Amino acid sequence: MSETVKTEVRGRVLVIRLEREEKRNAIDVELAEGIDDALNRLEDDPELWAGVITGTKSVFCAGTDMRAGVHSTDRGGQYGIIRRYRTKPLIAAVEGAALGGGFEVVLSCDLVVASKTAEFGLPEVKRSLVPICGGLFRAPKALPRNVARELLLTGDSIDAKRAYKLGLASILSNAGDALDDAVGLAERICANGPVAVRETMRFLASLDAPDEAHGWDETLESEDVIRNAEDTREGVMAFFEKRPPNWSGR
């Protein structure tokens with residue numbers, strides 16, 4: 001069992017908690033494997049019908065642990081969740097920041113409950129990087145196109161109230177209440193016929209499949225460009241050295 005991912009069963013709902021708060025729940029190998037194990041349990045246990053993934057009271061997830069890099073699993077892809085095919089609904093309960101890969105985890109979920117403390121952003125461009133875990137094409141689907149452009153091109157964040165008004169979040173919770181509200185939403189889903197819920201999930205996934213395939217192809221092209229750029233090395237070095245980057249445009 002992972003020391004940084006904890007699970008709890010509430011009726012038919014599996015609650016998955018990211019608990020690496022000293023690193024703002026940045027995802028390393030252990031955290032990714034823990035997410036993968038938890039979601040495998042959700043998918044494989046016939047007594048579980050929905051899941052909730054959350055962080056701590058202060059932060060949802062700050063994205064990739066830059067020292068560890070992005071870790072993938074066989075069933076889940078990046079972080080154990082990003083490319084996972086699921087037949088059971090998964091709800092993100094967000095307190096605090098969901099940035100970079102953390103926001104991409106949110107975008108991998110089916111529904112979002114946001115505390116008033118939540119913020120969402122894709123700051124990769126500030127380090128001459130691009131989101132490689134689905135954010136490039138999932139953000140424009142989850143948000144109005146121009147808002148997604150704003151996040152992707154500026155690297156700035158939006159707060160919970162704006163996310164709720166734009167439809168990213170289904171529920172805007174008081175601080176500290178996102179998890180309970182998300183479990184309540186999951187219980188509303190679990191009150192329905194599980195076969196019908198699974199079939200609805202399958203159908204919705206089939207609608208997204210062509211766009212997802214194209215999005216991954218285009219993301220790979222962007223990743224190849226970024227990997228070979230001088231500015232990428234400078235951006236990452238500046239991050240570790242805690243200084244402003246000096247861009248060359250190359």
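A residue counts as buried under 20% relative accessible area, as exposed over 50%, and as partly exposed in between. Arg12, with a relative accessible area of 31%, is therefore partly exposed. The model discussed here is predicted.

**Overall form**

The protein contains eight helices and 12 strands. Its radius of gyration is 17 Å, close to the 18 Å that the globule rule gives for 250 residues, so the protein is as compact as a globular protein of that length. The C-alpha trace spans about 55 × 40 × 35 Å along the principal axes. Of the 250 residues, 48% are buried. Among contacts between residues at least 6 apart in sequence, 68% join residues at least 24 apart.

**Salt bridges**

The structure holds 20 salt bridges.

| Glu47 | Arg12 | 2.8 Å |

The side chains of Glu47 and Arg12 meet in a salt bridge. Glu47 lies in the loop between α1 (29-44) and β3 (50-54), and Arg12 in the loop between β1 (5-10) and β2 (13-18), so this pair ties together parts that are 35 residues apart in sequence. Glu47 has a relative accessibility of 48% and is partly exposed, and Arg12 is partly exposed at 31%.

The relative accessible area of Asp44 is 49%, which places Asp44 among the partly exposed residues. Arg75 is partly exposed as well, at 39% relative accessibility.

Because the two residues are three apart in helix α7, about one helical turn separates Asp224 from Arg227. Asp224 is partly exposed with a relative accessible area of 34%, and Arg227 is partly exposed with 48%. Elsewhere, salt bridges that share partners join Glu8, Arg10, Arg17 and Asp180 into one network.

**Helix α3 and its cover**

Helix α3 comprises residues 135-142, and its buried residues are Gly135, Phe137, Arg138, Ala139 and Pro140. What covers these buried residues includes the helices α2 (101-107), α4 (145-154) and α7 (194-227). Helix α7 is thus part of the cover of α3 and also holds the pair Asp224 and Arg227.

Helix α4, another part of that cover, contains Arg149. The relative accessible area of Arg149 is 41%, so Arg149 is partly exposed. The C-alpha atoms of Arg149 and Asp37 are separated by 34 Å, and the two residues are 112 residues apart along the chain.

Note on methods
Residues numbered from 1 in each chain as written. Predicted model: local features only at pLDDT ≥ 70, side-chain atom pairs only at ≥ 80, totals over all residues. Heavy atoms only, no water. Buried < 20%, exposed > 50% of the residue type's maximum accessible area, 1.4 Å probe, protein only. Helix = DSSP H or I, 4+ residues; strand = E, 2+ residues; numbered from the N terminus. Contact = heavy atoms within 4.5 Å. Salt bridge = Lys/Arg side-chain N within 4 Å of Asp/Glu carboxyl O. Rg over C-alpha atoms; globule rule 2.2 N^0.38 Å.
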